[in-house]
Amino acid sequence: MLVWLGISTAAAAVGGGELARRALASSAAPAVAAAPLLAASEGPSAGHARAVPAPVDPSPSPVDLTGRRWSDPAGWGGAVPGARSAVRIADRVLLDADASIGSLVVEPGGSLVFAPGRSLTLSSAGAVEVRGILALAPADGSVHTLRFPSVDERSFRGGGMTVVEGDVGLWVTGTGYLRLDGAAKTAWVRAATALRAGDTELRLAEPPVGWRAGDELAVTPTGPPSEDEFSTRYDLCTIGRVDGKTVTLTAPLAHPHPRVTAGGGVAVGAEVLNLTRSVRIEGTAEGRAHVHLTSSRRADVRHAALRWLGPRQPGKETWNGSPVTEPVLGRYGLHFHMLGDTSRGTVVEGVVVRDSGSHAFVPHASHGITFRSCISHNTWEDAYWWDGPPDTRTPQAPSDDITYESCVASRTVHEPNPRGYRLTGFSLGAGTGGTARDCVAVGVQGATGASGYEWPETSEGVWTFERCLAHNNLENGVFVWLNARHHHTLERFVAYHNGGWGIEHGAYLNDFDYNGGVLYGNGAGGVAVHALGRDRGTVFDGLLIDAAGQSDYAVATAEHQLAGTTVTIGRSHLTGYRKAGVAFRATTDGEPDDIAVLDCSFGGNEVWLDPQAPEPARIVLRKAGERQAVQLRPGPGKAEWNAAAAPAAVDGPPRAVVTPAIRLADAAAPTRRLPV
């Protein structure tokens, strides 16, 4: 039987954990009334809603070190809590020694603060619920860890708006305040040179801040898709010494990581991700916990490593005779759950979620959150995500004003991989004011439609999308499968060495502008066009598409399900392909092509028409430097085009090819600790 330990008191629990929890909940009134709940269950339905006030306090709370010491028996009525104790804190407590407990509730008005100058671990067999304050903010050189060492993932129920008995993890509820504030460090830096198997030194493009001997690094794959294991060839290594821009490793690299020169100003090395932080929230490899925030008080989460979170359970399906596991609903790496406007102003900075069994960063129906220089590594399911709709007829509940700045989705996986359809690093879902800038998606696995970045169907959000990179993903760089009502713009997107397309653009009708991007050495080609335009039409303008010998075509059309307006490929340079710059391959059971290829230069044969394609609605070609456009139709004519050509009129005079000018950042955006 667990024992509840409070201020100078200890009493035997008279029932199960849930009975004791309810008794505690009724024993102390909250300092500030919690926001009313209007929904009682977790789920993707758009019907979920929560009434929320403005943030209680827009500034971080100071860390109060004046509380009684955890190690003092007098504060606990004569006995310090032990491994079977269910602890309740209603006053101020300073954790000054390692401790193991059965569970923990920090009540409103109570606080638990880890002593900054010591490396400390608090291990809890059960849930930790924060209704008051929990602060892990170690001084430089110290490490603070909250560990859940004995999680049974089979006991998880999932869902709900309140703490669920048996779903072991960190819960921040009511008006609780969570402060995770580790030592600031550069989240990732690119290698300045090609890295070879056997190297023991990494020359970096910039000197990393805060990196130390003993830190664990992940070096991303960069090789072409023609090589085996091109999307999984990571090196996990440990720092032995840091000297400016040079990092010495404790063991040699197992794989090469070439530097890639893609043109258009893009010349980049492998990302070197630092996975170590001085604040750690973790389960174990055998039992994953979770972090769940429903508090009406804004959290501060910076420079923390969240590991072995996101529980999984056997599902109903099998693969090769074995059960397939599936994620537990609502139990993710870092989950902001239906906070509405309460979460506005929240900054999640320099946080790593790794080895997670489910989504890493989830701002579900929570607005105004900035994720800066965060890393998801080795995560199952979509890494940056929020709950989707239950079916293709129901819109997704929006999350507005979400920002991903300088964030990385690295090695995103699915079980089993052949069923990982549309797996993605960044799911750019419904809402307004979203931004993805200077982000990286690498090593995303999955099957048909998987990608580094996805615009999913029934989940239309309008995003500012700038200077993002996708490379060495098993399938696509970008995957759009959206029948859009709004106009979307992607600026200076770079995709190299993905196994599928740099951009796979569907589904039926939408209006997108892709401006000034570089697509290099992707296995299937640069662009696949499924969708025709809705109103204004989709435009690919000023791109450099270099197949680098990896694919037959730079651009290819696929089946168009609905007739729409013209797709334009303009002012672009297409080169490095084996057969043709643009292939028109729409199948006989779809709508005909309506494509204009204007003012583009080519590094070989310009176009090719599939003899099985239907009569096109309109295919127009005007090569760079020529004034006359021609309309193409199947038939005798130019053999290498497999088409006949006749003069055609197009709107607007000839324009010069535009060469992209892209400068990708060599390191993650700087981060900082909170003020003391």
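These are my notebook entries on a predicted model, written for someone meeting it here.

**Ground rules**

I number residues from 1 along each chain, following the sequence as written.

**Entry 1: the whole protein**

I began with the overall make-up and found one helix and 61 strands. Both are DSSP runs numbered from the N terminus: helices are H or I with at least four residues, strands are E with at least two.

Next I looked up the dimensions. The C-alpha atoms fill a box of roughly 95 × 55 × 50 Å along the principal axes.

How many of the 676 residues count as buried? I noted 59%. Buried means under 20% relative accessible area, exposed over 50%, and partly exposed in between, with a 1.4 Å probe and protein chains only.

**Entry 2: an open sheet**

I then traced a sheet of eight strands, open and parallel, in the order S37-S40-S43-S46-S49-S53-S56-S58. Strand S37 (424-427) and strand S58 (607-609) are at its edges; each has a single partner strand, so one side of each has no neighbour in the sheet. On average, neighbouring strands here are turned by 15 degrees against each other, direction ignored. For such angles, axes are lines fitted to C-alpha atoms (for helices, over the stretch in contact), and angles between N-to-C directions run from 0 to 180 degrees.

Strand S46 (residues 501-506) and strand S49 (residues 525-529) run parallel and are joined by four bridges; two strands pair if DSSP finds at least two bridges between them. Trp501 has Gly525 in S49 as its bridge partner.

**Entry 3: a hairpin**

I moved on to strand S60 (residues 629-638) and strand S61 (residues 643-648), which run antiparallel with six bridges. Ala629 is bridged to Ala648 in S61. The two strands make a hairpin with four residues between them, and Asn642 in the turn has a positive phi of about 55 degrees.

I kept a general point in mind: most residues other than glycine have a negative phi, and most peptide bonds are trans.

Where does Pro416 lie? I found Pro416 in the loop between strand S36 (408-413) and S37. Ala507 sits in the loop between S46 and strand S47 (509-515).

Asp438 has phi near 60 degrees, a positive value in a residue other than glycine. Its place is the loop between strand S38 (431-437) and strand S39 (440-442), and Asp438 is buried at 18% relative accessible area. Asp599 also shows a positive phi, about 60 degrees. Asp599 belongs to strand S57 (residues 594-602) and is buried at 1%.

**Entry 4: nonpolar cores**

I looked for nonpolar cores, meaning sets of buried Ala, Val, Leu, Ile, Met, Phe, Trp, Tyr and Cys residues joined through side-chain atoms within 4.5 Å. The largest has 113 residues, and Trp70, Leu112, Tyr404, Tyr453 and Trp455 have the most contacts inside it. S57 gives the largest share of this core, four residues. Another core lies apart from it, with 24 residues, among them Trp188 and Val260.

**Entry 5: cysteines and Asp91**

How many disulfides are there? I counted zero, taking a disulfide as a pair of cysteine sulfur atoms within 2.5 Å. For Cys407, the nearest cysteine sulfur is that of Cys374, 4.6 Å away. Cys407 is buried at 0%, and Cys600 is buried at 1%.

Last, I visited Asp91, in the loop between strand S4 (85-89) and strand S5 (92-95). Asp91 is buried at 17% relative accessibility. Its side chain makes a polar contact with the side chain of Arg68 at 2.6 Å. A polar contact is a pair of N or O atoms within 3.5 Å; within protein, one must be able to donate a hydrogen and the other to accept it, and residues adjacent in sequence count only if both atoms are side-chain atoms.

Definitions and conventions: This is a predicted model: local features need pLDDT of at least 70, side-chain atom pairs count only at pLDDT 80 or more; totals for chains, interfaces and linings use all residues. Side-chain values use heavy atoms; hydrogens and water are left out.
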